Amino acid sequence: RGIRVGYTPDVLTDATAELSVALLLSACRRLPEAAEQVKSGGWTTWKPLWMCGYGLSDSTVGIIGLGRIGQAVARRLKPFGVKKFLYTGSGPKPESAAEFGAEFVPLMRLAEESDFVVVTCALTPATQGMCNKDFFSRMKKTSVFVNTSRGTVVNQEDLYEALSQGWIAAAGLDVTTPEPLPTDHPLLSLKNCVILPHIGSATYATRSTMAVLAANNLLSGLRGEPMPHELKL
Amino acid sequence: LSKKVQAIYMWWHRPVIDRELLQSLPNLKVIANSGVGMDHLDLKLISSFGVKMANVPRAVSTSTADAGMALLLASARRLVEVHHIAISSNVDYCEADILGVKVSGATLGIVGMGRIGYKIALRAKAFEMKILYHNRTRRKAQEEQAVGATYCEKIDSLLQQSDFVMVVVSLTPQTRNLIGKRELELMKPTAILINISRGAVVDQEALAMALQTGVIGAAALDVTCPEPLPRLDHPLLKLKNVIITPHLGIKTDKTNYMITEEAVENILAALNGLPMPSEVLPS
């Protein structure tokens, strides 16, 4: 019908990368779970192994989708002592990967070798349901899975099984299917699953910028002029 | 048996090292602590018995720096609060209610640029934060340049400019209540205070008041006074803009091993009359 589409790329890269790392750290160091123990009385005398999580030092991080956000995530994780970066996607991106010495590997190898998996890819027919039973069953028992891409990249039933059966240690999700999740959804009951209501770009500054950009796209479209960011269909 | 004891390896604050214990262990040569803070020990008393002391600064620094960044990011994006909203069935919210603040381009003021503080600076740099620091002594120029950190000789100037204030000092008579009413009032009303040092470095009552009245924006504490914090009616536990974690700084699978390795290294050195890697002297 000749309807033009504007969108807001780039302006939310930093905010989303920050949220991805925040989610990864909260999941691997068990922040919400521990904060709850402080309130509920679970925090008693000191015990050496209580509330222990996982560190990033000498770890292998696997990034699914080394686009702008994936690269921004890798950049922020590097000084935490990550030993190796792996990535996967539709094809290798040597220029982007060089900064981190990241190695392009098949999806399943990324699952097997990563201590931390971060999903920052676009949702396409190829990535739909990509993180499923086969994927999770290959991950390490001590690994942490983070998804800030789109809910349907992950098979949620399989993720639930992986978390509840101990195939992986913990997960952090900023995106789900649907959004919001129904309040009785099993994933919401898991202590080792940190769920956020799609706040990847939710900072005052970023949302303001997005709003202005969207408005400019709209106004340009209405005037029949080139848009700041037009999606080519 | 007491004559056979030559070394003590402490876990948390046990055993309690007092005059009675020291007198009962005539052949005690060294006490190794399973952390870096030594504020729970009477260093002069122990030293007067000819007993050497050690902490484990190398083992704890990385996991503690990670925990500091985890709290900084969680508080910037209100992670614990928003997670709770996401998993609760009876909370209504709109998009504007759950906005946080961006870390990129924000100013981080590190109070105490020791081993842990410096590791935090390294991490913060990757988030494109502007870094200020206050320390007893200034770091070397190359060290400052490597993380893009600017020295603030006076803590006031750091407090006035920072969006995030990270407290990473050791607890000494000089740093007790370092952050009190005056310091909190110097901070921006939107600023976030993160404490990973010791509870007593921050005046908790003043902090609770400051948070309640909007003098500062939010706080995240991995350490409190006391630990654990009494649950019933504690003002800090009632505030939405506070995250409190139960001293998670060293709580990772690998750190426990590293702590023991470093402590044993010190113990063996002391027993063999060799220089200790991390001996702590009474100041």
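**Aromatic rings, a covered strand and a buried helix**

Trp46(A), Tyr9(B), Trp11(B) and Trp12(B) come together as one aromatic cluster. The model described here is a predicted one. Across all chains, a search of the whole structure finds nine aromatic pairs. A pair of this kind is described by the distance between the ring centres and the angle between the planes. For Tyr9(B) and Trp11(B), the centres are 5.5 Å apart and the planes stand at 55 degrees, so this pair is tilted; planes over 60 degrees apart would have counted as edge-to-face. Tyr9(B) is partly exposed, with a relative accessibility of 25%, and Trp11(B) is also partly exposed, at 25%. Another aromatic residue, Phe80(A), has a charged neighbour from chain B: Arg123(B) lies over the face of the ring, 5.0 Å from its centre.

Attention now turns to chain A. UniProt, in an unreviewed entry, lists residues 1–231 of chain A as "domain: D-isomer specific 2-hydroxyacid dehydrogenase catalytic".

Strand 4 of chain A pairs with strand 1 of chain A (residues 60–64) in the parallel sense, over four bridges, and Val117(A) is the bridge partner of Gly62(A). Strand 4 of chain A also runs parallel to strand 5 of chain A (residues 144–147), again with four bridges; there, Val117(A) stands opposite Phe145(A). With helix 6 of chain A (residues 133–138), strands 4 and 5 of chain A make a right-handed β-α-β unit.

Helix 2 of chain A, residues 31–40, is mostly covered, as seven of its ten residues are buried. These are Leu31(A), Pro32(A), Glu33(A), Ala34(A), Ala35(A), Gln37(A) and Val38(A). What do the buried residues of helix 2 of chain A pack against? Within chain A, their partners are helix 1 (13–28) and strand 7 (193–195). From chain B come helix 3 (57–76), helix 4 (79–87), helix 10 (235–238) and strand 10 (242–244). Just after helix 2 of chain A, Gly41(A) takes a positive phi of about 95 degrees.

Methods
Residues numbered from 1 in each chain as written. Chains lettered and ligands numbered in written order. Predicted model: local features only at pLDDT ≥ 70, side-chain atom pairs only at ≥ 80, totals over all residues. Heavy atoms only, no water. UniProt positions renumbered as here; feature names shortened; annotations may be inferred. Phe/Tyr/Trp six-rings, centres within 6.5 Å; stacked < 30°, edge-to-face > 60°. Buried < 20%, exposed > 50% of the residue type's maximum accessible area, 1.4 Å probe, protein only. Lys NZ or Arg CZ within 6 Å of the ring centre and 35° of its normal. Pairing = 2+ DSSP bridges. Helix = DSSP H or I, 4+ residues; strand = E, 2+ residues; numbered from the N terminus. Right-handed = clockwise from strand over helix to strand, strands pointing away. Contact = heavy atoms within 4.5 Å.
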